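Work through the following exercises with the sequence and the 3D structure in view. Each task is followed by a solution in steps.

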Amino acid sequence: MPSIWQTLSLAIPLAFGLVASLPPSARADQQAEIAEGEYLARAGDCIACHTVPDGALFAGGLPMLTPFGTLYSSNISPDPATGIGKWSADDFYRTMHQGRFPDGGLIYPAMPFPSYTKVTRKDCDAIYAYLRSVPPVRQPNRPNDLRFPFNNRSLILGWRTLFFQEGEYKPDPSKSAEWNRGAYLVEGLGHCAMCHSPINALGGSPESKAFEGGLIPMQNWYAPSLTSNKEAGLGEWNIKEITDLLRTGISHRGAVYGPMAEVTFDSLQYLNDADVHAMAVYLKSLSEGSPPATEVSSIPAPESSLLLNFGQTTYQTHCASCHAPDGRGMPPEYPPLAGNPSIQMQSAVNPIRMVLNGGFPPGTAGNPKPYGMPPFAQLLSDDEVAAVVTYIRAAWGNRGAPVSAREANRLRTAPLD
Amino acid sequence: MSFWSLVGRGSLINRAGRLGRSIVVITLTFWSATVPHAQPTAHPPDTIEARMLACAACHGPQGQGTNNDYFPRLAGKPAGYLLNQLVAFRDGRRRYPPMNYLLEYLPEAYLRQMADYLAALRPPPLPQAATEVGPALLTRGRELVTEGDPGHGVPACARCHGPTFTGMEPAIPGLVGLHASYISAQLGAWRYGTRTAAAPDCMQIVASSLTENDVSAVAAWLASLPIPSDPSPAARGALSMPLPCGSEPN
């Protein structure tokens, strides 16, 4: 005979099923779809642009500086008057897939629809279900503040002709299912190409240049190429090093910093083992075949030997206690500088900014209490910054070109937000 | 000139002869044998102090401040106050780009641990800078700080920040051990809205009631005070506050 508890454990879900409008199995399906949608919204990092710090979830209003003026992200909470409460699942899919509002209006490509177009209908529907489930926030969208002629939305048509190719991700049958999953996440929801592509004067990243790196407009950070082992190409990293970097923010090869810290903090740390592994497999394959970093050091000009000597002294005084006299660091807490491609790239913007601004890797589930690096802007002169960056770019077999005090000075005023 | 030629010609080593060379060789062998193997296992200490070395460059290794006018002493301030500031910098309610940048992606649990660590520190005070203002301004400063200016709605600092200006638990900061420039910059930041606190923002109200001259006077007088022998903040609720403050529930 069933006990009272067994009877109750059957009766309670039944009671809920009767009260709710949907049968229990449909409700469970709906809950599962919402949970899946939340996960995918993390993978797409919707929150980074559609929520202001300390603000209401998905209420928008985040200013985004572009070379053409300021755009404000929109309210994507389910408020009917000011958010997407009146949108259908079809409307939402069209927005993601075609970069058009439900009324057909064109969306500025600050919204990464050239990447989101690759997301499947099923995944778009899950994200839609999740966005419908969060609290509605009544907050009217703020008008964009773009200069003439960029305030004319019809210009977007020209941009689309040049740079936008509509279409869901097509798996490559010659590759593994895991590789394809990684490619789908990196090229689609992850919208990595938004930063890791050269941005040309028209604000577009042509498909053929995808993942070849570029200076992020207005932010003055360089997003390294993911296809070259001389930059952030991950061809020489092992899979664990890549997954550690993406998900915890630190690894034995280097740490995330600048805008990538936000990506790990808001998005990548929430992805499951299988997906991060798949992304790592795909990212590693992108730079396979690219020539590895050569060990031949470029011979510095006579005047840069002085810079190197001065830089070495500065390094031993301020940097060696963490990054070690031989540049090996104490990985993963203090990243290595010897052999670290991030320091040797043709663009010296990132190492200069790291010295000036310091930074903490993001605090993540896998690294909740990161070790930080102090800013040196207040301590070192332009000459000292140039010397120490020149030194770390050339010491221990590194082969980056010298940097000038002028370059260091220019980055003192780079925006920090 | 190579290292070995130095060894060969160095008078001390020549005198020591073969033994000296052997020691050099052994030492070099020891280094080459230990460094590559020791390095990969070397980790920084698993302490909050090591994790927060990034803060030491500006705030001193013990949070005691530095001789820079604009970087405050943090040691011994109430943990609740420190946490409020860390969170406000992270979320942009208090604007100072280098701090906003450093804290942007740190979780609150970690910031709380940082605040607790700094609150418990009791480093010796730094040598005080000589006051550069005249006696009239200092007198005005002492009046405002200890008695306020009731006619203009300015309460005495001591009413909330304590008779020895070491603050009150959990969230009212001490005002001693700070540079005059820092204090006047904060009062200015409240007036212009680049520093805000939970509503009701009592310091915004107080700072807005001060004249420019008052700000200089208060800053100069507070900066001239020594850190008392017991720099601990007053206990929670020990002082009855003249106006409500959102960050100090009472």
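**Exercise 1. The contact between the chains**

Task: State how many residues the contact takes from chain B and from chain A, and describe the side of chain B that touches chain A by its elements and by class.

Solution. 
Step 1. The contact takes 27 residues from chain A and 26 residues from chain B.
Step 2. On the side of chain B that touches chain A, two or more residues each come from α4 (48-51), α5 (53-59), α7 (97-103) and α8 (108-120) of chain B.
Step 3. Sorted by class, that side of chain B has 18 nonpolar, five polar and three charged residues.

**Exercise 2. Confidence**

Task: This is a predicted model. Find where in chain B confidence is lowest and where it is highest.

Solution. 
Step 1. The average pLDDT of chain B is 84, and 83% of the residues score at least 70.
Step 2. Confidence in chain B is lowest in helix α1 (residues 3-9) of chain B, with a mean of 32, and highest in α8(B), at 98.
Step 3. Over residues 1-39 of chain B, pLDDT stays under 50. For this stretch the model has eight contacts beyond four places in sequence.
Step 4. For the complex, the predictor gives a pTM of 0.86 and an ipTM of 0.87.

**Exercise 3. Chain A in outline**

Solution. 
Step 1. Of its 417 residues, 43% count as buried.
Step 2. Among contacts in chain A with a separation of 6 or more, 65% are between residues 24 or more positions apart.

**Exercise 4. Strands joined by bridges**

Task: Starting from β1 (residues 63-66) of chain A, follow the pairing to β2 (residues 69-72) of chain A and on to β3 (residues 145-146) of chain A.

Solution. 
Step 1. β1(A) and β2(A) run antiparallel and are joined by four bridges.
Step 2. A hairpin through two residues joins β1(A) to β2(A).
Step 3. L65(A) has T70(A) as its bridge partner in β2(A).
Step 4. β2(A) also pairs with β3(A), in the antiparallel sense and over two bridges. Here T70(A) has D145(A) as its bridge partner in β3(A).

**Exercise 5. Buried residues of two helices**

Task: Which residues are buried in helix α4 (residues 89-98) of chain A, and what covers the buried residues of α4(A)? Then do likewise for helix α8 (residues 177-187) of chain A.

Solution. 
Step 1. F92(A), T95(A) and M96(A) are buried in α4(A). They are on the same side of α4(A), because they cover an arc of only 90° around the axis.
Step 2. An α-helix has 3.6 residues a turn, so residues three or four places apart point the same way.
Step 3. The cover over the buried residues of α4(A) includes α5 (113-116) and α6 (121-133) of chain A.
Step 4. After α4(A) comes G99(A), with a positive phi near 70°.
Step 5. In α8(A), the buried residues are R181(A), G182(A), A183(A), Y184(A), L185(A), V186(A) and E187(A). They pack against α2 (24-43), α5 and α11 (273-286) of chain A.

**Exercise 6. Two residues compared**

Task: Are A255(A) and D382(A) buried, partly exposed or exposed? A residue is buried if 20 or more other C-beta atoms lie within 10 Å of its own, and exposed if 12 or fewer do.

Solution. 
Step 1. A255(A) lies in the loop between α9 (239-248) and α10 (259-266) of chain A. A255(A) is buried because 30 other C-beta atoms lie within 10 Å.
Step 2. A255(A) touches, beyond four places in sequence, G249(A), I250(A), P335(A) and P361(A). A255(A) and P331(A) are 76 residues apart in sequence and 9.3 Å apart in space, C-alpha to C-alpha.
Step 3. D382(A) belongs to helix α16 (residues 382-394) of chain A. With 18 other C-beta atoms within 10 Å, D382(A) is partly exposed.
Step 4. Beyond four places in sequence, D382(A) touches A405(A), A408(A) and N409(A).

Methods: Residues numbered from 1 in each chain as written. Chains lettered and ligands numbered in written order. Predicted model: local features only at pLDDT ≥ 70, side-chain atom pairs only at ≥ 80, totals over all residues. Contact = placed C-beta atoms within 7 Å. Arc of directions from axis to C-beta. Nonpolar A, V, L, I, M, F, W, Y, C, P; charged D, E, K, R; others polar. Pairing = 2+ DSSP bridges. pLDDT = per-residue confidence, 0-100.
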